[in-house]
Amino acid sequence: MLNVTVDEIQRDPLKYLRQVEAGETIVIVSSDKPIAELRPIASSKQLRPYGLCAGEFTVPDDFDAPLPEDILNAFEAK
């Protein structure tokens with residue numbers, strides 16, 4: 001983790017953004033107090049496993065059956 005001042009960030013922001021892009025976490029300080037943290041965004045490329053909730057619920061046989069008229073009318077009412 002690297003501490004840098006606001007002035008240092010303003011002088012060369014691309015330098016610090018490249019470091020963040022490379023995986024570095026940067027803490028921005030003002031008057032020796034941390035005010036912000038720049039860090040890489042965690043990659044969310046990992047796919048969720050298939051069947052993660054298997055057995056936790058069942059789909060009813062009439063899942064795709066048409067809705068009753070009164071419910072359809074409630075959605076279509078203006």
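## What counts as a strand

Strands here are DSSP runs of E with at least two residues, while helices are runs of H or I with at least four residues, and both are numbered from the N terminus. Two strands are said to pair if DSSP finds at least two bridges between them.

One thing to keep in mind is that this is a predicted model, where local features need pLDDT of at least 70, side-chain atom pairs count only at pLDDT 80 or more, and totals for chains, interfaces and linings use all residues. Residues are numbered from 1 along each chain as its sequence is written, and side-chain values use heavy atoms, with hydrogens and water left out.

## Who pairs with whom

Strand 2 covers residues 26-30, and its pairing with strand 1 is parallel, over 4 bridges. Here you'll find Thr 5 opposite Val 29 of strand 2.

Strand 2 and strand 3 run antiparallel instead, joined by 5 bridges. Val 27, for instance, has Glu 37 in strand 3 as its bridge partner.

Is Ser 31 buried or exposed? Ser 31 is exposed, at 68% relative accessible area (buried means under 20%, exposed over 50%, partly exposed in between, using a 1.4 Å probe and protein chains only). Ser 44 is 13 residues from Ser 31 along the chain, and their C-alpha atoms are 35 Å apart.

Now for strand 3: of its 6 residues, the number buried is 0, so strand 3 lies largely in the open.

## A charged pair

Side chains of opposite charge can pair when their charged atoms come close. A search of the whole structure turns up 1 salt bridge, meaning a side-chain nitrogen of Lys or Arg within 4 Å of a carboxyl oxygen of Asp or Glu. Glu 37 and Arg 39 form a salt bridge, with their closest N and O atoms 3.0 Å apart.

How open are these two? Glu 37 is partly exposed, with a relative accessible area of 44%, and Arg 39 counts as exposed at 56%.
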